[in-house]
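Hi there,

Here is the structure I promised to pass on. Please have a look at it first; my notes follow below.

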Amino acid sequence: MNYNLILVSLLLSISLFNSSCRKPKGCTDVTALNYDVNAEKDDGTCEYEVIPAPTPYTLEAPYTISQYLPAPSIPNDNPLTNEGIALGRKLFYEEKLSANNTISCASCHKQENAFTDDATFSVGIDGIAGNRNSMPLMNMAWDYGYQFFWDGRSIGLEGQAFEPVTNPIEMHNTWGSAVSELQADDKYPELFERAFGTNVIDSNLVVKALAQFERTLISGNSKFDKYLKGHLTLNPSELSGYNIFMDESGGDCFHCHGDPYNPLWTDNLYHNNGLDASFSDLGRGAVTGNPSDNGKFKTPSLRNLLYTAPYMHDGRFQTIDEVINHYSIGLQYSSTIDPLMKNVSTGGVQLNPQDRADLKAFLLTLTDEEFVTDSRFSDPD
Amino acid sequence: MKNTKIIIAGIIGLSLAFGTTSCKKKGCTDADATNYDANAKKDDGTCEFDTITGHGDHNGVHVMMKMEHNYGGSSVMPADFDDLKYLNDKGTTHSITKLQYLISDFVLYKADGDSIVVEGYNFVDFDNTNSFAYSFPTEMHVPIGGYTGVGFTWGFDEADNTSGTYADLNVASWSWPAMIGGGYHFMKLEGKFIDSNTDTTAFAFHNGTASNNGNHEANHFYVKLNQSFTLSNDASINLNMDLSEWFKNPNQWDLDALHDMLMPNYTVQKMMNANGRSVFSLGSIVQ
């Protein structure tokens, strides 16, 4: 018996039967490039646009940061890609993330303000203000503690980005409606496809893209960075201010706010720097439940102060001079005040007017003009 | 140091380098050799043994140092922080709110006069209790046998104490300002105390390079803790730090007078150096 022969004839008869059918054939998938509206039966010829895999991106750390700090901490499940960063940038400026399409992340994190804003308390979509000052966003890939917000209550940049969208006094949205608006948009599904290999949008992918963009917000080209590189010199007032900053018997700022070898200019830890004798906002203490954390807040970076006023977690100081006066003569005692706050009974480190002016001149050398004008960070639309 | 210095870490580095360049089939097939080649099928007679294990005993053990802390004998753990519950030698009540310190270059002194040095450092931080344990590199086989003691360097010696060198310490804001000698802090011990006016006042007991009007003096010291013991198995060696000793011996500490701006004070830095020498003792050795 020749089974092969039988098989061939069988196949033949099937195809004969098929071709005898009158239904128009072609590609019936609307998402295909060669979708045929007239075809009623799919003939397996559909062709699709091949979406290339996203291109890996490596953070370029500026000299001082790459020279002295460990590699940036980037979660394994959210590697940086060109497409992910581009999508994150668009989402950062996307008002559709808010319930009434009026505000975006960038409303409270403006590039010209080093990604904070100039309000004491930022106002959300319902015109209600929160009780905390917005925070500048920079060099967050080097925040190895992974804790974000003034009280560190969010873990990871991805985790943080979940919060503002649903926060009732910020974007006051639900993730469900934010995601369906993006899904209905004519551009986003393809952008998600390019960044993450799927055009089905979900909140996890939105926060991943946002986090990728935020990790590229790097500030490392201030006058002081250039001085450390040996590209320029500081004037005598700036140099004197630098010494006051670094001197334990002067301003003693470096213990919490970094130094040339910690060019983040923050320790990213929590301290009570003596703002109040009693607390209306417990800060870190409300997160840990430990009373010895009451009144502690995450140390902010001193980069770009020129753009980030007002200062402190509640935006109480409008100027750098007010901040320096605080450390000099304004300290308030409370039981959790940091031991590095000296001479609390007389109000602080007692800098004379010349020292204060010099300290301010030094702080201003940490201004990075490139950061607030860099076109890679601006609204892409 | 007077004893033969056998820097095991260095030898391991070398043997790894040999391992990768050696031929795929032939090489040293003795697992106890410093240049043991896991890929080698045929021994080519190139095996090298470091001078200690080479004496015939190739079965080294793995060693870990564990830091334990007490205040005049009672244990100090992170949960003990912030309470005004310690009484120093002068009779001042104080708390501890922060403790971080740096020790480096551990030494194991062998009974036969040799010593084993592990170059490296341990940054002990009460905010991260994992830092209490310091494992010698896993590739390192410490010979079994008799020992007479354990040692290490408080802080960094001059060769190691170079500004900006260690990324993990840089980001921990551990640098010591250049104007008082640069390098790194050796310790940050902070807390509050009840001063002579019964007010609660802060202290920041920071140790590092001693600086006197622009003359900088290295301020590390070597700790050698003598005690005979025999290593026969993987071991955890406990080192005790008695915090009360920082305020006691030979300089009874007056926190009222010396509680802040201690870093730029040469005399005070030298007093800390002197007091530090009696702070450590050897605890149990668990094998």
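**A serine in a loop of chain A**

Let me start with one residue: A:Ser134 sits in the loop that runs between α4 (105-108) and β3 (147-148) of chain A. Please keep in mind that this is a predicted model, so everything below is computed from predicted coordinates.

Is A:Ser134 buried or exposed? With a relative accessible area of 8%, A:Ser134 is buried, because anything under 20% counts as such. Its surroundings can be listed by name: leaving aside residues up to four places away in sequence, A:Ser134 touches A:Cys108, A:His109, A:Thr116, A:Asp117 and A:Ser122. Two of these neighbours also turn up in polar contacts. The side chain of A:Ser134 reaches the backbone oxygen of A:Cys108 at 2.9 Å, and a polar contact of 3.4 Å joins the side chains of A:Ser134 and A:His109.

**A helix in chain A**

**Chain B on its own**

Chain B has 3 helices and 18 strands. Of the 287 residues in chain B, 51% are buried. Taking the contacts in chain B between residues at least 6 apart in sequence, 66% join residues at least 24 apart.

**Where the two chains meet**

The contact takes 27 residues from chain A and 27 residues from chain B. The area buried between the two chains is about 2,200 Å², and carbon and sulfur atoms give 61% of that area.

On the side of chain B that touches chain A, α2 (167-171), β12 (187-194) and β13 (200-207) of chain B each supply at least two residues. β13(B) gives the most to that side, with 5 residues. By residue type, the side of chain B that touches chain A divides into 11 nonpolar, 10 polar and 6 charged residues.

The model scores ipTM 0.85 and pTM 0.86. Chain A has a mean pLDDT of 93, and 94% of its residues reach 70 or more. In chain A, pLDDT stays under 50 over residues 1-21, and the model has 1 contact beyond four places in sequence for this stretch.

Chain B averages a pLDDT of 86, with 81% of the residues scoring at least 70. Over residues 1-24 of chain B the pLDDT is below 50, though this stretch has 38 contacts in the model beyond near neighbours in sequence. Residues 51-57 of chain B also stay under 50, with 10 contacts beyond four places in sequence. Where pLDDT is low, the predicted coordinates should not be read in detail.

Best wishes

Terms used:
Residues are numbered from 1 along each chain as its sequence is written. Chains are lettered from A and ligands numbered from 1 in the order in which they are written. This is a predicted model: local features need pLDDT of at least 70, side-chain atom pairs count only at pLDDT 80 or more; totals for chains, interfaces and linings use all residues. Side-chain values use heavy atoms; hydrogens and water are left out. pLDDT is the predictor's confidence in each residue, from 0 to 100. Contact means heavy atoms within 4.5 Å. Buried area is the accessible area (1.4 Å probe) that two parts lose on being put together, summed over both. Helices (H or I, at least four residues) and strands (E, at least two) are DSSP runs, numbered from the N terminus. Ala, Val, Leu, Ile, Met, Phe, Trp, Tyr, Cys and Pro count as nonpolar, Asp, Glu, Lys and Arg as charged, and the others, Gly among them, as polar. Buried means under 20% relative accessible area, exposed over 50%, partly exposed in between (1.4 Å probe, protein chains only). A polar contact is a pair of N or O atoms within 3.5 Å; within protein, one must be able to donate a hydrogen and the other to accept it, and residues adjacent in sequence count only if both atoms are side-chain atoms.
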